[in-house]
Amino acid sequence: MSIEISQVNKNFGDFVALEGIDLSIPTGQLTALLGPSGGGKSTLLRIIAGLEEADSGRVEIEGVDATRLPAQKRNVGFVFQHYAAFKHMTVARNIAFGLEIRKRPKAEIAAKVDEMLELVHLGQFRDRLPSQLSGGQRQRMALARALAIEPTVLLLDEPFGALDAKVRKELRDWLRRLHDEVHVTTVFVTHDQEEALEVADSIVVINDGRIEQVGSPDELYDAPATDFVLSFLGPVTRLGDLQIRPHDIEVSVTPRPDAVRGRITRWTRIGFEVRLDVTPSEGQQPPVQVTVTRAEARNLGLQHGDELWLTPAAGAQAIRATNDPLTLSTQSQLGVTV
Ligand SMILES: Nc1ncnc2c1ncn2[C@@H]1O[C@H](COP(=O)(O)OP(=O)(O)OP(=O)(O)O)[C@@H](O)[C@H]1O
């Protein structure tokens, strides 16, 4: 394991930011810390970096107890959302900076800067100032600078958070490819589930200062351990007494035993999908959200106002809800496979 965190606690005054965190981060993987705003992701990342000290607990990096080591002795590279570049230095000098302060030989620095510029595809911009780069290029420069010191661990705090959706998407694909090339143990913070699902080898879901679940994107998506994870990782809807994903509902135009009967009260076409609101005929339940492909909608001849019978699709993951229909349950029977 590259990073071992045991029983880490952190309070800010009376506020509990992290509580009893135990986490092992394997060497060479790309791990996402995912969760809603204020959940404690950045605090945990800063504790790993040595920028924040835990109140209690232990942090080990590559077998070394780093709990009390200052940040500069941990051999970690960081990139933050708003990268603080040296504005008066060229891209090449910015990348060289970490090596210069470590007093590495000039020839080694020059070779490393060339290697990094090539890695992040900024070779032709080496003599520009950071202000002459786009936001995405600046973040790539930040990554090159962090990687130049050959860190044991690379820590990224919402590195693409300030960029527009299209650039963000490009950079996230690029980060995945970069990681496949350099294999440095990388931990990145994001509140964007799509980003985590697309990029990470492993996802740590953090909410309210606690870890909800750790697993691969598929494990988390297909077998959420808690109703929080189920709802955070993708859309969920209520079908009878189950919380279930809208695309995990089977639609029938003829009566089915144990099905929820309802009528299509809303129909929205989004790309190749059709999203339906199906209002149950019995009880006071809110509409069930159902996603079907356009082909399926066409084959079944679905139309606004049609009566449907809804059942969980075979193999769907669902969580039994026991509370008020409008709130996610706190006492659920978890991971019901139907
Ligand atoms: N230095 C500090 N002093 C007081 N409270 C703090 C401090 N740093 C963080 N907090 C609080 O701790 C909680 C966790 O913050 P943290 O930044 O770790 O959350 P996060 O999950 O990274 O959220 P975001 O995605 O919004 O950055 C928040 O409620 C925050 O207000």
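Author: One sorts residues by class: Ala, Val, Leu, Ile, Met, Phe, Trp, Tyr, Cys and Pro count as nonpolar, Asp, Glu, Lys and Arg as charged, and the others, Gly among them, as polar. The shell around the ligand here holds four nonpolar, eight polar and one charged residue. This is a predicted model, in which local features need pLDDT of at least 70 and side-chain atom pairs count only at pLDDT 80 or more, while totals for chains, interfaces and linings use all residues. Residues are numbered from 1 along each chain as its sequence is written.

Reader: Which residues are the closest to the ligand?

Author: A residue is near a molecule if its C-beta atom, placed from the backbone, lies within 6 Å of it. Of the 13 residues that surround the ligand, the closest are F12, S37, K41, S42 and T43. Strand 2 (15-25) and helix 1 (41-49) are the elements that give two or more residues to this shell. Helix 1 gives the most, with three residues. Helices (H or I, at least four residues) and strands (E, at least two) are DSSP runs, numbered from the N terminus.

Reader: How many helices and strands does the chain have, and where do its domains lie?

Author: The chain has nine helices and 19 strands. Domain bounds come from an automatic or database domain assignment, which here gives domain 1 (3-228) and domain 2 (237-320). Their C-alpha centres lie 41 Å apart.

Reader: Which members of the largest nonpolar core touch the most others?

Author: A nonpolar core is a set of buried Ala, Val, Leu, Ile, Met, Phe, Trp, Tyr and Cys residues joined through C-beta atoms within 7 Å; a residue is buried if 20 or more other C-beta atoms lie within 10 Å of its own, all placed from the backbone. Among the 85 residues of this core, A32, L33, I95, A144, L155, V204 and L310 touch the most other members. Helix 4 (residues 135-148) supplies the largest share, seven residues. The core lies between domain 1 and domain 2, because both give residues to it.

Reader: How is strand pairing read?

Author: Two strands pair if DSSP finds at least two bridges between them. Strand 1 (residues 3-12) runs antiparallel to strand 4 (residues 56-61) over five bridges, and I5 has V59 in strand 4 as its bridge partner. Strand 4 also pairs with strand 5 (residues 64-65) in the antiparallel sense, over two bridges. In their hairpin, with two residues between the strands, E62 takes a positive phi near 50°.

Note on methods
A residue is buried if 20 or more other C-beta atoms lie within 10 Å of its own, exposed if 12 or fewer, and partly exposed in between; C-beta atoms are placed from the backbone.
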